Amino acid sequence: MRFQILFFSFAAGFSFSHCHIGKVTESTATPTNQTETPLPLTSSRHLEWIKIKETVWIHRSFGEFGGQVYSANGLVILTNKGAVVVDTPWTESQTEELFSEVKAKFQKDILFLVVTHAHDDRMAGVSLFQNKNIPVYSTSLTAKLAKERGLGKTNPVLDIQTRFSAGNQSIEVFFPGHGHSADNIVVWLPETHILFGGCLVKALDAKDLGNVKEADMNQWPNSVKRVLSRYPDAEVVVPGHGDWGKLDLLRHTIRLLVSPNN
């Protein structure tokens, strides 16, 4: 393949220029297509857990922008050797909660972290993983961008090592090309047929592509098509923001990209 804590006002302005913001949704074990109005920030939001399958859970975290709360999705994959985390929660406090919840809820230690691109809704808690000596894996481009943006140091192995065995589970990463960002990757779980599309993929209730400051609008549709072609057996697709669904999330993303309004 070729391939931090709710934010201070300045940091928020920088961070949100990089990532699309997903709407807050209620925890659910089934996908929904409802559009919900973002909620005013009245108190600190706690991490939410959404079970997809017995061994795969979404950790849903929250960030604030413009007096509203928005959500972001990551994964926790449970194996017989420990847990694998895909993307950190949106804040350091929620990342601390992740550590305690994985231990209390699942009685697991975290084996390693995979980050899917260099934005704070994916990497705000990286330094906490480092403090616990938990390996953090990324592509070389994500590592470079993360260093430039003060998002922490990662081990850039994913350009070469694209598949990991973690106990009785396998984790594959794939760089499909430039899309939402130049470094966006997806994560495939072959045992459960779950695809984590991250911010490359939009939820079904998304009416637009969000902030496209770093996007390549010409390459993004082709990148999503590559993912669709590579993983036609995906039974669950998890976007970076919003509710999970099936392969129609990929098709919906392509429709948004080719719409004359975008």
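Trainee: Does Val-136 count as buried or exposed, and why?

Mentor: The structure above is a predicted model. Val-136 has a relative accessibility of 5%, and because buried means under 20%, Val-136 counts as buried. This residue belongs to strand E7, which covers residues 136-137.

Trainee: Which residues is Val-136 in contact with, beyond its neighbours within four places in sequence?

Mentor: Its contacts there are Leu-113, Val-115, Val-126, Phe-129, Lys-153, Thr-154 and Asn-155. Consider Thr-154: it is 18 residues away from Val-136 along the chain, yet their C-alpha atoms are separated by 5.2 Å.

Trainee: How should I read a sheet, and in what order do the five strands of the open sheet stand?

Mentor: Strands of a sheet pair through backbone hydrogen bonds, and they do so either parallel or antiparallel. Here the order is E8-E9-E10-E11-E12, and the pairing is mixed. Strand E8 (163-166) and E12 stand at the edges with a single partner strand each, so one side of each has no neighbour in the sheet. On average, neighbouring strands of this sheet are turned by 20° against each other, direction ignored.

Trainee: Which way do the residues of strand E12 point?

Mentor: In a regular strand the side chains alternate between the two faces of the sheet. In E12 (residues 236-239), Val-236 and Val-238 point one way, while Val-237 and Pro-239 point the other way. All of these residues are buried.

Trainee: What unit do E11, helix H6 and E12 make?

Mentor: They make a right-handed β-α-β unit, in which H6 spans residues 220-230. H6 lies across E9, E10 and E11, and runs at about 150° to E9. E11, H6 and E12 are also among the elements that cover the buried residues of helix H7. Those buried residues of H7 (residues 248-258) include Leu-249, Leu-250 and His-252.

Trainee: How many residues are in the largest nonpolar core?

Mentor: There are 25, and the residues with the most contacts inside this core include Ile-52, Leu-75 and Val-238. Among the contacts of Ile-52 are Leu-75, Ile-194, Val-236 and Val-238, leaving aside its neighbours within four places in sequence. There is also a second, separate core of 24 residues, with Leu-113, Val-115, Ile-134 and Ala-146 among its members.

Trainee: Finally, how many salt bridges does a search of the whole structure find?

Mentor: Side chains of opposite charge can pair when their charged atoms come close. The search finds 10 salt bridges. One of them joins Arg-60 and Asp-243, whose closest N and O atoms are 3.7 Å apart. Arg-60 lies in strand E3 (residues 56-65) and Asp-243 in the loop between E12 and H7, so this pair ties together parts 183 residues apart in sequence. Arg-60 counts as buried at 0% relative accessibility, and Asp-243 counts as buried at 5%.

Trainee: Which residue does Arg-163 meet in a salt bridge?

Mentor: Its partner is Glu-172, at 3.4 Å from N to O. Arg-163 is partly exposed, with a relative accessible area of 44%, whereas Glu-172 is buried, with 10%.

Terms used
Residues numbered from 1 in each chain as written. Predicted model: local features only at pLDDT ≥ 70, side-chain atom pairs only at ≥ 80, totals over all residues. Heavy atoms only, no water. Buried < 20%, exposed > 50% of the residue type's maximum accessible area, 1.4 Å probe, protein only. Helix = DSSP H or I, 4+ residues; strand = E, 2+ residues; numbered from the N terminus. Right-handed = clockwise from strand over helix to strand, strands pointing away. Contact = heavy atoms within 4.5 Å. Core = buried A, V, L, I, M, F, W, Y, C linked by side-chain atoms within 4.5 Å. Pairing = 2+ DSSP bridges. Axes fitted to C-alpha atoms, helices over the stretch in contact; angles between N-to-C directions. Salt bridge = Lys/Arg side-chain N within 4 Å of Asp/Glu carboxyl O.
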